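Me: I have a structure open and want to learn how to read it. Can you take me through it, feature by feature?

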Amino acid sequence: MANFKTHISFGALIGISIIIIGLIVAIFSLTESLLWIFLAVLVGSFLPDLDMDDGVPFQIIFGLLGGGMAGLVFLNLYQEGERDAVILVVSSVMTFLVIRFGVGYVFKKFTDHRGIFHSIPCAILFGMLTLWLLNRMVILADQKMFMGLAVSMGYMGHLVLDEIYSSVNLHNHSLFPKQSLGSALKLKSSSKIATFFIYILIIIFTLTLPELHDLVLYFD
């Protein structure tokens, strides 16, 4: 399995390649969106390792999620008229701790490394989740689609790289594949519940996201 540094480097390579191809065929209409697309690919390139307990991706994502939610709690309380510094700070800190350590702990308990997060449907789902999040912001529809695709492509790049590293067992000086071969590019996990949950979410997003719903109707 490739390490975090290798995945980030490969993600950067994919991001640069997407930008170059996009510029050549004139896909991107706004040059300022190129940086965000590149960053989206990078984020997607380490998302599959969220299920690695205490790994760098887990710490980054849950740290950012906790910090973001803490900021939102602070902002909402302040906008509602709360001016007590103790309440504002304590509420924000408690939110961060609950997300980072509480939700993070539950996430660890219900996920296994190389489980459903290392799968093709999860790569699709995270692209859809990106679209869902961006729909809460003032962003052009084309930009949102590119961002969603960028996350999915970065995610797929991670899975492909894991399979490449599993195909030849160089660390043990053997040409035979590792036992982990085939555990990344899969359509389901050993957990039927997790697999069912992921596919249900994909169906829900397909039917409810405006961009995807219109796309389905177009080909229907």
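Me: Start with the second largest pocket. Which helices each supply at least two residues of its lining?

Reply: Helix 4 (85-109), helix 5 (120-134) and helix 7 (192-208) each do. Helices here are DSSP runs of H or I, at least four residues, and strands are runs of E, at least two, numbered from the N terminus. A pocket is found on a 1 Å grid over the protein atoms alone: an open set of points where a 1.4 Å probe fits, with protein on both sides within 12 Å along at least five of seven lines. Lining residues have an atom within 4 Å of a point. Helix 7 gives the largest share of the lining, 6 residues.

Me: How far can I trust the model?

Reply: This is a predicted model; local features need pLDDT of at least 70, side-chain atom pairs count only at pLDDT 80 or more, and totals for chains, interfaces and linings use all residues. Residues are numbered from 1 along each chain as its sequence is written, and side-chain values use heavy atoms, with hydrogens and water left out.

Me: How much space lies in that pocket, and which residues are closest to its centre?

Reply: A volume is the space filled by probe spheres set on the grid points, which are joined across faces, edges and corners. For the second largest pocket that is about 580 Å³. It has 24 lining residues, and the closest to the centre are Thr 111, Ile 116, Phe 117, Phe 197 and Ile 198.

Me: What is the lining like by class?

Reply: Ala, Val, Leu, Ile, Met, Phe, Trp, Tyr, Cys and Pro count as nonpolar; Asp, Glu, Lys and Arg as charged; the others, Gly among them, as polar. The lining has 14 nonpolar, 6 polar and 4 charged residues.

Me: Now the fold. How many helices and strands are there?

Reply: The protein has 8 helices and 0 strands. Of its 220 residues, 38% are buried. Buried means under 20% relative accessible area, exposed over 50%, partly exposed in between (1.4 Å probe, protein chains only).

Me: How do I check a helix by its length?

Reply: The expected span is 1.5 Å times one less than the number of residues. Helix 5 has 15 residues, so it should span 21 Å; its end C-alpha atoms are 22 Å apart, which agrees. Helix 2 (residues 33-46) has 14 residues and reaches 21 Å, close to the 20 Å expected.

Me: Is helix 2 mostly covered or mostly exposed?

Reply: Mostly covered: 10 of its 14 residues are buried. Among them are Leu 34, Ile 37, Phe 38, Val 41 and Leu 42. An α-helix has 3.6 residues a turn, so residues three or four places apart point the same way.

Me: Where is Trp 132, and what does it touch?

Reply: Trp 132 sits in helix 5. It counts as partly exposed because its relative accessibility is 33%. Contact means heavy atoms within 4.5 Å. Not counting residues up to four places away in sequence, Trp 132 touches Phe 205 and Leu 209.

Me: Where is Leu 187?

Reply: Leu 187 is in the loop between helix 6 (141-167) and helix 7. At 52% relative accessibility, Leu 187 counts as exposed. Leaving aside neighbours within four places, Leu 187 is in contact with Ile 120, Pro 121, Thr 195 and Tyr 199. Leu 187 and Pro 121 lie 66 residues apart along the chain, with 6.2 Å between their C-alpha atoms.
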